[in-house]
Amino acid sequence: TNLVAETERVLAEVGGELTLSNAVFLAHERTLKLAQQDLETKLARITRATMFSAFLPTVAFSGNEALFSGRISGLPQAGSLETSGAHFGSGTMLVAQPVFTPVAWIMFAETQYGVRIKDIVRDRAEQVMDIQVAALFYRAAVAERTVRTYELQLASAAALTNRLARLAAEGYALAADRARAEARYAVDTARLVQARNERAETCAALADILRLWPLATFAVKGDSLLELPALPEKPLEEWVWDGLVTRKDLYASDQLIELRKARVIEALASFLPNVVLGGGGANLSLESVAVRGWAGSLMGTWAAFEGFRSIQQYRAARAEREAEFKLHEDRMLAVVVAVANAYRNLLFAREQATAARIFAAAARMDHAATERRYADGQETLSVVLDKLVVRDEAEVKAVQAAYGEALAAIQLRQAVGLDLFASDRDMIK
């Protein structure tokens, strides 16, 4: 119920029609798809704060109060003492300050890399989500345009069917033409139902990623796909270079290599000693006898032999570092392939859009000429119907191709690592 009311409020704020920028903004503000990345980022920061304790002193207090009954022997002059129910108390305070703990220090540096990596991964996940939103928005826009076209076709088919029914009843139209019109009306009805189902499914998927009520009804402004900043005309090699220097996941991979290097140093640091400066005070009392004092210490520990465990840890850290270099190279090659594919898809989408526009213009001209010939009695009604269908389908495909070109540009942005609404100048910065 709360989500339904919240959805109504959000849709009212955008006027019941979503643009691409609205959808992306709502996804950033409301989505639950990044909850895992947000959690991992928060945990990384908590881990870093925890490891910072390696630089801080530890302070511990202890106290004890007891009743003592027994024999105390060896006392000077008194020899021995029998006591029953004597009060015994003690209190201590211990302070330890790490002076030289290289492993702990390096582990803190590793958590710094960990936080940086999680931040970058989260930003990249947001970019990928933007592409998912754009793809769903594209499907919803095409579905909505298709529904409108089919609704117009169905209205025309209904009017034509009624007209032919009257003409056939008066003997001015063939029964075959009437049957053809009725069949056309049935086909258009089925296609309209299918298009509406496709629109509802796509809008539900889009609402899900925006954390809106999936059964909500809303429209999308498909032309907002065409309002994104234009991409510059550059050769493929420049796009590949931009991808290699801009992709956030490659930057995260760079940081992961630094993390692996730090773990090699951590393994080496296990061969070094640890030095801790300590101090504390004690207060012991037994009835009227009391002992009070302070003490300080400088303690060093060095693991001389641990069954070759430190050596094996060092070898494992080096192996992980070398493997990370290879994985980084593989990720770079994957980016090159992704950028090249997206670039070629954009070129093909542009050619498709151009061809679809030319074909739609030709279909409109052909339909208009056929209608004029029909009005002069030089063409049959069945041919006019066929040309009408061709014209409407061509217009739908022209819009679909135009939106497809915009989506291909968005996919190239994603492959390069450019934010959805950023310009090429922003990417260079």
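Me: In which crossing, left-handed or right-handed, does H3 pass H4?
Reply: Keep in mind that this is a predicted model. Helix H3 covers residues 35–51 and helix H4 covers residues 102–169. As H3 goes past H4, the crossing is left-handed.

Me: How do H3 and H4 run, roughly parallel or roughly antiparallel?
Reply: Their axes lie 9 Å apart, and the packing angle is about 165°. Angles over 145 degrees count as roughly antiparallel. So H3, relative to H4, is roughly antiparallel.

Me: How many residues of the contact of H3 with H4 are nonpolar, polar and charged?
Reply: On the H3 side, the residues include Ala-44, Arg-45 and Met-51. They meet H4 residues, among them Phe-108, Val-115 and Lys-118. Sorting the residues of this contact gives 7 nonpolar, 6 polar and 7 charged.

Me: Is Arg-30 buried or exposed?
Reply: Arg-30 sits in helix H2, residues 20–30. Its relative accessibility is 7%, and buried means under 20%. Therefore Arg-30 counts as buried.

Me: Which residue has the backbone oxygen that the side chain of Arg-30 reaches?
Reply: Leaving aside neighbours within four places in sequence, Arg-30 is in contact with residues including Glu-6, Val-10 and Arg-211. Leu-210 is also among those contacts. At 3.2 Å, the backbone oxygen reached by the Arg-30 side chain belongs to Leu-210.

Me: What separates the C-alpha atoms of Ser-382 and Leu-136?
Reply: Ser-382 is found in helix H9, residues 381–416, and is partly exposed at 22% relative accessible area. Along the chain, Ser-382 and Leu-136 are 246 residues apart. Between their C-alpha atoms, the separation is 38 Å.

Key:
Residues numbered from 1 in each chain as written. Predicted model: local features only at pLDDT ≥ 70, side-chain atom pairs only at ≥ 80, totals over all residues. Heavy atoms only, no water. Axes fitted to C-alpha atoms, helices over the stretch in contact; angles between N-to-C directions. Helix = DSSP H or I, 4+ residues; strand = E, 2+ residues; numbered from the N terminus. Parallel < 35°, antiparallel > 145°, perpendicular 65-115°, else oblique. Left-handed = near helix turned anticlockwise from the far one by under 90°. Contact = heavy atoms within 4.5 Å. Nonpolar A, V, L, I, M, F, W, Y, C, P; charged D, E, K, R; others polar. Buried < 20%, exposed > 50% of the residue type's maximum accessible area, 1.4 Å probe, protein only. Polar contact = N/O pair within 3.5 Å; in protein donor to acceptor, adjacent residues only side chain to side chain.
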